[in-house]
Structure formats: structure tokens, C-alpha cells
Amino acid sequence: MTGRRRGRAPATQWSPPKPSADSETRRGRPLAGGAERVREAATVLFARQGYSGTNMKDIGHELRVQAPSLYNYVDSKQQILDEVVLSYALGLRDALASGLSLADDPVERARRGVEEQSRYKLGHHDAMVVAERDAIHVSEPVARRLGECHDEIRELWAGVIARGIDEKRMSTPHAEIAVEILIDLANPRQIRALAAREDMSVSKLAYGFGDSAVQLLTAP
């Protein structure tokens, strides 16, 4: 009795397993968000462990990519710091100018200016920490531009106070000191102390700093 030969099953062509999204990213797949995402991750790390305590490998690990691939988006860790600090300072200046433009009365302008300045700081907390602590590490050209930006912020506040004094709406005896106090409101130390209170929302903090500014500038 002769049996029928069973047909051989067609050979299955082997193909390598598809890499996971993480492995593709680590091997050089374009990073979604590019340079902006690198800056964001670096800002978090700089705020947490300091500029000097962070290297490109740390930033790559935060983004789940190999450190060398970061250079497709940024030139160096120095460039990242320069951009983070200067961008924060320019944004703070613009937030202040926007707040001052919301009113005409000098006292109300001061209140609105501090409120918007505070909201900006609270909304960019990590960048604020980096700018306050690590600005000493920025490159010389950025340090010069940073100094100019800080002078512009001082001039904005000095103008508000000068007008308030001229119109007898403010009574601060030391205008230059008042300017520095206003600039420093909502700094990292103050925010750490106040944020521990459960009832302190961003809006409440901003309004509170605004009220404090008015009291400072109108105290008899």
C-alpha cells in the first residue's frame, strides 16, 4: 500500500523583530519636539541638580535617547543654559511690561505689574531657579545681554515709581531700594515657603504679592 506524501509546509521567511519605539529613539530616530524638548528636559535637571551637576548623558537619559544624538539639536550644554536663562529673563521683562500696560494709575500699575511678574515666575519655576542660581555660568555675550535685560526691567519699575511719587500716589523714601524689592518679589525662597500652604493657589500668590507691593509703595 502506497501512502500519499504529505506536502511540505512552505518555509516561513524569517525577519528580525521590529524595534520598540524606545530602541528606535535610542538608535537615532528623530526626537519629537527637537531642540525645545531638549531644553525643557535640561531645565528640569539644571533646577534639580544644578548646571555643574548635570551632563549631556543625564539629559539624554531623561529623554530616553543616547547623549550623542542630542547634538543633532543643540551644540553644547553651554548653549542650552544660555538659551534657558536669557529666554526666562526676556519673558519676565515682557510679562512685567504687559502687566504695567493694564492700568494707568501708578499704584494700580504697580499692582498689575507685580501680579503678572509673579504669575510668570510661578509658571516658569524651574527656569527661574536656574536663572537665579546658575546665571553665573552663562557665556560672556549672553551675560551682557542679560545685564541689559535686567536694566530694562529696572527702568520699567523706576518709571512707575517716579510717576507715582510725582503724582503723590506713592511715598517710598528710597526709590532704588523699592525697585530692587519689587524685582525680587516671588523669588524661589518665598515661593518654597508659601507653596507649602494648601490654600495658596497661583492666583492667590500673585494677588498677595501685588498687595504687598502696593503696601510697600504707599506706606505713610
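Student: What does Arg 145 count as, going by its relative accessibility?
Tutor: At 26% relative accessibility, Arg 145 counts as partly exposed, a class that sits between buried, which is under 20% relative accessible area, and exposed, which is over 50%, with a 1.4 Å probe and protein chains only. Please keep in mind that this is a predicted model, in which local features need pLDDT of at least 70 and side-chain atom pairs count only at pLDDT 80 or more, while totals for chains, interfaces and linings use all residues. Residues are numbered from 1 along each chain as its sequence is written, and side-chain values use heavy atoms, with hydrogens and water left out.

Student: OK, and which side chain meets Arg 145 in a salt bridge at 3.5 Å?
Tutor: That is Glu 148, with 3.5 Å from N to O, where a salt bridge is a side-chain nitrogen of Lys or Arg within 4 Å of a carboxyl oxygen of Asp or Glu.

Student: Which residues are linked with them in a network?
Tutor: Salt bridges link Arg 93, Asp 94, Arg 145, Glu 148 and Glu 152 in a network. Within it, the side chains of Arg 93 and Glu 152 meet at 2.8 Å, N to O. Arg 93 lies in helix α4 and Glu 152 in helix α7 (residues 140-166), so this pair ties together parts that are 59 residues apart in sequence. Glu 152 counts as partly exposed, at 27% relative accessibility.

Student: How many salt bridges does the structure hold?
Tutor: The structure holds 17 salt bridges. One of them joins Asp 104 to Arg 163, with the closest N and O atoms 3.2 Å apart. Asp 104 lies in the loop between α4 and α5 (106-123) and Arg 163 in helix α7, so this pair also ties together parts that are 59 residues apart in sequence. Asp 104 is exposed at 56% relative accessibility, whereas Arg 163 is partly exposed, with a relative accessible area of 27%.

Student: Switching topic, how many helices and strands are there?
Tutor: The chain has ten helices and zero strands; these elements are DSSP runs numbered from the N terminus, with helices being H or I over at least four residues and strands being E over at least two. Of the 220 residues in the chain, 38% are buried.

Student: Where is the confidence lowest, and where is it highest?
Tutor: It is lowest in helix α1 (residues 21-27), with a mean of 42, and highest in helix α4 (residues 77-100), at 98, on the pLDDT scale, which gives the predictor's confidence in each residue from 0 to 100. Over residues 1-27 the pLDDT is below 50, and this stretch has ten contacts in the model beyond near neighbours in sequence, a contact meaning heavy atoms within 4.5 Å. The chain as a whole averages a pLDDT of 88, and 86% of the residues score at least 70.

Student: At what angle do the axes of α2 and α4 cross?
Tutor: The axes of helix α2 (residues 34-49) and α4 cross at roughly 85 degrees and come within 10 Å, the axes being lines fitted to C-alpha atoms, for helices over the stretch in contact, with angles running from 0 to 180 degrees between N-to-C directions. The two helices are therefore roughly perpendicular to each other, since angles under 35 degrees count as roughly parallel, over 145 as roughly antiparallel, 65 to 115 as roughly perpendicular and the rest as oblique. Among the residues making the contact are Ala 42 and Phe 46 of α2 and Ile 80 and Leu 81 of α4.

Student: What does Ile 59 touch, leaving aside its neighbours within four places in sequence?
Tutor: Its contacts include Val 38, Ala 41, Ala 42, Leu 45 and Ile 80. Ile 59 is found in helix α3 (residues 56-63) and is buried, with a relative accessible area of 0%. Ile 59 and Ala 41 are 18 residues apart in sequence, and their C-alpha atoms are 6.4 Å apart in space.

Student: Last one: where is Asp 134, and is it buried or exposed?
Tutor: Asp 134 is in helix α6 (residues 125-134) and counts as buried, at 4% relative accessibility. Leaving aside neighbours within four places in sequence, Asp 134 is in contact with residues including Phe 46 and Leu 81.
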